[in-house]
Amino acid sequence: MRSMEKTYDPHAIEQRWYQTWEARGYFAPGQSGDASYCIMIPPPNVTGNLHMGHGFNNTIMDTLIRYHRMKGDKTLWQAGADHAGIATQMVVERQLEAENKKRHDLGREKFIERIWEWKRESGGNISRQLRRLGSSLDWQHERFTMDEGLSEAVKEVFIRLYEEGLIYRGKRLVNWDPKLHTAVSDLEVLSEEENGHMWHMRYPLSNGQGHLTVATTRPETMLGDCAVAVNPGDERYRHMIGELLELPLTGRRIPIIADEEHVDPEFGTGCVKITPAHDFNDYAVWQRHRDEVTISAQAHGGLINIFTIDAAVRENEADEGALIPERYSGMDRYEARKQIVADLQEQGLLEKIDEHKLMVPRGDRSGAVIEPFLTDQWYVKIAPLAKPAIEAVESGRIRFVPDNWKNTYYEWMRNIQDWCISRQIWWGHRIPAWYDEQGNVYVGRSEAEVRRQHNLADDYPLRRDEDVLDTWFSSALWPFSTLGWPEQTERLQAFYPTSVLVTGFDIIFFWVARMIMMGLKFMDDVPFHEVYVHGLVRDSHGEKMSKSKGNVLDPTDLIDGIELERLIEKRTSGMMQPQLAKKIEQQTRKEFPDGIPSFGTDALRFTFAALAATGRDIKFDLGRIEGYRNFCNKLWNATRYVMMNVEGQDCGVSGAKTGHSEPPAKLERSVADHWILSRLQKTKQAVADAIEGYRFDHAAQAIYEFTWNEYCDWYLELSKPVLNDDNASQAAKRGTRRTLVRVLENLLRLTHPIMPFITEEIWQRVAPIAGVSGETIMNQPFPTQRESLINEAAEIEMAWVMRFILGIRKIKGEMNIAPGKPVPVLLANASDNDQALAERHRHFLDFLARTESIEVLAADDQEPESATALVGEMKVLIPLAGLIDKEAEIKRLEKEIGRLRNDADRTEKKLSNPKFVDKAPEAVVQKERDKLAETQKALESLQTQLVKIQNL
RNA sequence: AGGCGCGUAGCUCAGUUGGUUAGAGCGCUACCUUGACAUGGUAGAGGUCGUUGGUUCGACUCCAAUCGCGCCUACCA
């Protein structure tokens, strides 16, 4: 085996181990195991590139998966990707654009073929990147939402829901994206506050008695007005209700109607223009008043659409006459706005224009302003599905972690609207519906089936619906469609319901809620028992990462490192707003003057785990990952030390490949050995508890502290005097070597779920010596606490040793004595136990505190002038002679005394309060008393010491 | 407007049923290249836990109010 380099180099091992694991089939679920454990990956978009959210999300999932696999559960992490309808179609359309083509030039079939082609070329991108993260996904069963099986599941669900009346077709107002030419769901619309205007327009009364003034943020929609509404309780307008207005520019007349629900007399002028075909609220008003003759008599019953699918003013239909003034035909909505405002102004009908902030709805993909638009669409009737989905959470069959997300879930589920599932794009699952020339709809698995079922002749003309389904429709089926549904497969049997869903809060509505509804409907069971909701990964200043801010970090750049110039190029290329490039470049140069160094996957994963406190976003700070890179190096070098001392040596491990496999040799464990073994047991429990409770930050912290502060800082140092002492017995050396290597081997298994690569690499070297055999650490049992190795006595004894050593180090540190300089030490007021301990651990004390000599003073011995440290009641003295500055020691003692004084005062005050003594539990009071006694003893001791020094 | 969450060391964050001298990492100061590791070691400085009240023998922790910040949902045309 190769020797270990002085510095840990992740690149040398990560790729190699991943390939080995995958080639050997370790990621597939085992055949045995009592319990099954399953996580469905939130399918990334095939178009996608790995971002920090994926990094975070997948680190958590892989940690859980590896933990359960090691625990012996039958463990599946289902791999796959999402066809991401709109996003993917846009990517390929952009490619066509570069060739000066549109998708319609190719035609539907060719265009879809082109997307498949593209998917074959670049679709593997995201899975390659997931592999870099070490994700132990079951790639052999990777699925794609558009593959044959999943398409079958989609069709099946659609048909069953249709047959039950839970899917229907209807003409409604929808969110229309005029750039993409498709309907989108409420969720795909993001509203943001933007600066705009409020136009006050005059509508003259038909009776010539003046006018009403309406205020609007969208003056161009006045072409489609069918009424002006006022509040019936509004004194100003009550008497005008029922009268008619001359709708300017159109030559049409519209009524004044009363609508209490929608009109707030306090807002604006108290008069609201009603444009039912281009505003959701107005549509609701129209529905309430559509039967009033002044409205129903209007063209289209008052529901007048004025736009094309591009949101430009449309031409009149043949039978409409001059419904929409020709003058505006073909104008884009904003162009029309300008013209209409100008025309109103010219006619003296524009009263004023105010600055006004308003919420502007934009499509999340296209960024285009969404237009409420009247179209035929397919809907899922959601209330009957939502009801059991709400109950599943109420009853605790599904648990949110953290718990408070259930409120968000309820809030949405209780106000849920029917789900518009049809999209006017080409890439996706085409709706299995056919129409005849009379407009009758037939839903079925295929055209042939439809003809058969409805007795339609082969030459009876049928036309298939052009639309495809919302991408989230197929995602909603993911937990069971990937396992083979509608077939009753073994995998479905074994792994549904899945164990936990790990996801960001941003897709609770898009995805989580819909999976719950569909799972309950078609599997008659919840899709998962727990939902672990994590926060967003932000930059180090807490800003959301985005291309336009230029603060995006790419996980692979953190793993591999990236030079400054390359990073700048990456951040500034392909920008929507190229004018920001300069600023982004400056900002990047300032923040990463030397680019980003390579940290390796394990350090990245450990960072994500350490930052994964529940329920809050994480700010990703480079300092943090650097620290954990150093941690990897620490673990690596601790191993170098261990290997150096155990390789080829007798470690007292039977069956180990050491060349010393004689029958059980005598073995002796020191208190230090017992201590570290005891600490290890407690750490095992802490880590297991933390992972089970989704506290990955606690798990990471427990591992970090044990490794660095206990194993490395203390145990490794304590092993040195034993291993390097020619006088130490072979049995003692054997015991120490055995402990060194076994604790390390345990620690590696404990750490493996979070840091798979370094632990595997090291384990391969360490395991044989520790007497553990196996092909991979991946399939080794996760360490469990061994009660018998918990040793409180050893922990107490080691605490004494540490206090002794720390006391001397502190004096040296504060008195400017070189740490390496051996000093003579005197012990005063030492009990029998103290003396015994000092004797027994003399080699530890000498080595770690660099003591020259240790001498016990009898009670009547004269104490020489010294610097003092306390270990319990014992005084550890370092004589001043030549070493120590008297004034400095006085200051040091005064400071220490001050601190103790404070402490004692506070405790005394507490104890002199009769209410405290009366009411507090006895144990608490006793604890305070003990503390006071201890503090007072220490205080006395230091005070006499101070007097002594002062009198010199 | 409603809902959720957050304000703890210069920075990033722990602190789970109220009882610690309020912790960690990074950063900072001083010293140290000792045979695992300078991606290191040793010692140290640094906090009236946003503010104000209340409950309690005792509050970072519970309650109320208030200020600041973030997010989500619904919005006034």
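Which polar side-chain atom lies 2.6 Å from a phosphate oxygen of RNA strand B? In this predicted model, the atom belongs to the side chain of Trp-708. The model is a prediction in which local features need pLDDT of at least 70 and side-chain atom pairs count only at pLDDT 80 or more, whereas totals for chains, interfaces and linings use all residues. Residues are numbered from 1 along each chain as its sequence is written, chains are lettered from A and ligands numbered from 1 in the order in which they are written, and side-chain values use heavy atoms, with hydrogens and water left out.

The surroundings of RNA strand B comprise 53 residues, the closest being Phe-267, Asn-281, His-698, Trp-708 and Lys-919, where a residue is near a strand if one of its heavy atoms lies within 4 Å of it. Sugar or phosphate accounts for 61% of the atoms of RNA strand B within 4 Å of the protein, and the rest belong to bases. An N or O atom in the side chain of Asn-404 is 3.3 Å from a sugar or linking oxygen of RNA strand B, and a polar backbone atom of Ala-638 is 3.3 Å from a base nitrogen of RNA strand B. Two or more residues are given to the surface near RNA strand B by several elements, including strand S7 (211–216), helix H24 (696–723) and helix H22 (622–646); helices (H or I, at least four residues) and strands (E, at least two) are DSSP runs, numbered from the N terminus. H22 gives the most to this surface, with 10 residues.

Helix H10 (residues 333–346) has 14 residues that, at 1.5 Å a residue, should span 20 Å, and its end C-alpha atoms are 20 Å apart, which agrees; the expected span is 1.5 Å times one less than the number of residues. Its buried residues are Arg-333, Ala-336, Arg-337, Ile-340, Val-341, Asp-343 and Leu-344, where buried means under 20% relative accessible area, exposed over 50% and partly exposed in between (1.4 Å probe, protein chains only). Seen down the axis of H10, these buried residues fall within an arc of 165°, so they line one face of the helix; the arc is that of the directions from the helix axis to the C-beta atoms. They pack against strand S6 (189–204), strand S12 (350–363) and strand S13 (371–380), contact meaning heavy atoms within 4.5 Å. The face turned away from the buried side carries the exposed residues Lys-338 and Glu-346. At the start of H10, a side-chain oxygen of Asp-332 reaches to within 2.9 Å of the backbone nitrogen of Tyr-334, and just after the helix Gly-348 takes a positive phi of about 70°.

A search of the whole structure finds 71 salt bridges, each being a side-chain nitrogen of Lys or Arg within 4 Å of a carboxyl oxygen of Asp or Glu. One of them joins Glu-261 and Arg-288, whose closest N and O atoms are 3.3 Å apart. This pair links distant parts of the chain, 27 residues apart, with Glu-261 in the loop between strand S10 (252–258) and strand S11 (271–274) and Arg-288 in helix H8 (residues 280–289). Glu-261 is exposed at a relative accessible area of 66%, whereas Arg-288 is partly exposed at 37%. Arg-842 and Asp-846 also meet in a salt bridge (3.1 Å, N to O); being 4 residues apart in helix H29 (residues 842–849), they are separated by about one helical turn. Salt bridges that share partners join Arg-218, Glu-220, Arg-333, Arg-337 and Glu-371 into one network.

Some backbone features lie in loops. A cis peptide bond joins Val-401 and Pro-402, with omega about -5°, and Pro-402 is placed in the loop between strand S14 (399–401) and helix H12 (405–414). Ala-84, although not a glycine, has a positive phi of about 45°, and this residue is buried, with a relative accessible area of 7%. Asn-829, likewise not a glycine, has a positive phi of about 55° but counts as exposed at 52% relative accessibility.

Terms used. A polar contact is a pair of N or O atoms within 3.5 Å; within protein, one must be able to donate a hydrogen and the other to accept it, and residues adjacent in sequence count only if both atoms are side-chain atoms.
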